[in-house]
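User: I have a structure open and would like to go through it piece by piece. Can we start with the charged pairs and move on from there?

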Amino acid sequence: MSTASIETLAFVRPRDDELDLFGITHPGKVRSSNQDQFLLCTVHPQVVVHGTSLSDTSAISLRGERVATVMLVADGVGGSADGTEASRLATIAVTEYFASAMKCWHAAGASSDQEFTDALRLAAVEAHRRVKERSATAFEGRKMATTLSVGIVVWPWLYVVQVGDSRCYHYQDGQLRQVTRDQTLAQEMIDRGALTPERAHNSPLNHVLSSAIGADEALPELSRVDVSQRGCITLLCSDGLTKHVSDAEIAEECARMTNCEQLCRALMQRALDGGGSDNVTIVAGRALPLE
């Protein structure tokens, strides 16, 4: 195959079997429970046969072409049971919203970006509503909350919805970029020039959330990234990773990765070796580069 042909194929929409996806979670070395959740899934139109005279339906294509890929990380906040329930509810709420609003996937390509991003924002709002409602009815009003970082790939775009401080990174051509902005008091002080990033890293405000699903306020932030280049990596993680592993170290592991499972396990080991003071969750995905 010619170089020109390979370059053209490098930006062609990847097939399902060309996706490399992996997620991993660990309670860490200090916590007795794991309040993190993650989800990896692909969204397809599907034909459900409720009756037919055919003796064999295998010749019918029941599952349509992939419409979207969903990557999600939620980090529960609060007591063990409360935080776990908050992250569980948020994960279910977002997934159900996407499943019931299949039209929004098609709208991303057939209509304005605004219609699609509005649907994504509403998914986070629905998760916030469910967690607040559950807190009031089943947990006697006790505060429970969760971060939420969701990456939705509707090729060639990655749409990111974030509430809290779980992060999304994009790695391409040797460069790592943090797509999300931490919604913490420390980051707000950095934005105002009252705190330097270096001092913020060790500040007690660095992990005090200014926005979270189920908290007093949830302010979803949306981003969009071009992921059409084969081999570029999308990585989502809870702050259990970034407490112990720097951006430079994450970039190092991305540079020498062989596949997403190996990358996630290598980063997990770094977090545990660094102290593992919190639950750690990592999700990574990419379209396989062409040989």
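Analyst: D278 has a relative accessible area of 5%, so D278 counts as buried. Keep in mind that this is a predicted model.

User: Which residue does D278 meet in a salt bridge?

Analyst: That is K243, with 2.8 Å from N to O. The pair links distant parts of the chain, 35 residues apart: K243 is in the loop between α7 and α8, and D278 is in the loop between α9 and β11.

User: What about E133, which residue does it pair with?

Analyst: E133 forms a salt bridge with R129, and their closest N and O atoms are 3.3 Å apart. Both residues lie in helix α4, four residues apart, which is about one turn of the helix.

User: Why does a spacing of four places matter in a helix?

Analyst: An α-helix has 3.6 residues a turn, so residues three or four places apart point the same way.

User: And how exposed are E133 and R129?

Analyst: E133 is partly exposed at 45% relative accessibility. R129 is also partly exposed, with 39%.

User: Which residues make up the network that salt bridges join around them?

Analyst: Salt bridges that share partners join E96, E126, R129, R130 and E133 into one network.

User: Staying in α4, where does D118 sit?

Analyst: D118 lies in helix α4, which covers residues 113-138. With a relative accessible area of 34%, D118 is partly exposed. The C-alpha atoms of D118 and L222 are separated by 9.5 Å, although the two residues are 104 residues apart along the chain.

User: New topic, α9. Why does its length make sense?

Analyst: Helix α9 has 14 residues, 260-273, and at 1.5 Å a residue they should span 20 Å.

User: Which residues of α9 are buried?

Analyst: They are C260, L263, C264, A266, L267, M268, A271 and L272. What covers them includes strands β1, β10 and β11 together with helices α7 and α8.

User: What happens at the start of α9, and just after it?

Analyst: At the start, a side-chain oxygen of N259 reaches to within 3.1 Å of the backbone nitrogen of E261. Just after α9, G275 takes a positive phi of about 140 degrees.

User: Which residue other than glycine has a positive phi?

Analyst: D173 is one, with phi near 55 degrees. Most residues other than glycine have a negative phi, and most peptide bonds are trans. D173 lies in the loop between β7 and β8, and D173 is exposed because its relative accessible area is 60%.

User: You mentioned peptide bonds. Which one is cis?

Analyst: The bond from W155 to P156 is cis, with omega near 10 degrees. P156 is found in the loop between β5 and β6.

User: Another loop residue, N206. Buried or exposed?

Analyst: N206 counts as buried, because its relative accessibility is 15%. N206 is in the loop between α6 and β9. Leaving out residues up to four places away in sequence, N206 touches T184, A186, A200 and H201.

User: Last one, the surface. Which residues form a nonpolar patch there?

Analyst: V47, V49, L54, I60 and L62 form one, with about 370 Å² of accessible area together. L62 lies in the loop between β2 and β3. At 30% relative accessibility, L62 counts as partly exposed.

Methods:
Residues numbered from 1 in each chain as written. Predicted model: local features only at pLDDT ≥ 70, side-chain atom pairs only at ≥ 80, totals over all residues. Heavy atoms only, no water. Helix = DSSP H or I, 4+ residues; strand = E, 2+ residues; numbered from the N terminus. Expected span 1.5 Å × (residues − 1). Buried < 20%, exposed > 50% of the residue type's maximum accessible area, 1.4 Å probe, protein only. Contact = heavy atoms within 4.5 Å. Polar contact = N/O pair within 3.5 Å; in protein donor to acceptor, adjacent residues only side chain to side chain. Patch = residues over 30% accessible without salt bridge, like charges linked within 9 Å, V, L, I, M, F, W, Y side chains within 5 Å. Areas by Shrake-Rupley, 256 points an atom, 1.4 Å probe, with all protein chains shown as cover. Salt bridge = Lys/Arg side-chain N within 4 Å of Asp/Glu carboxyl O.
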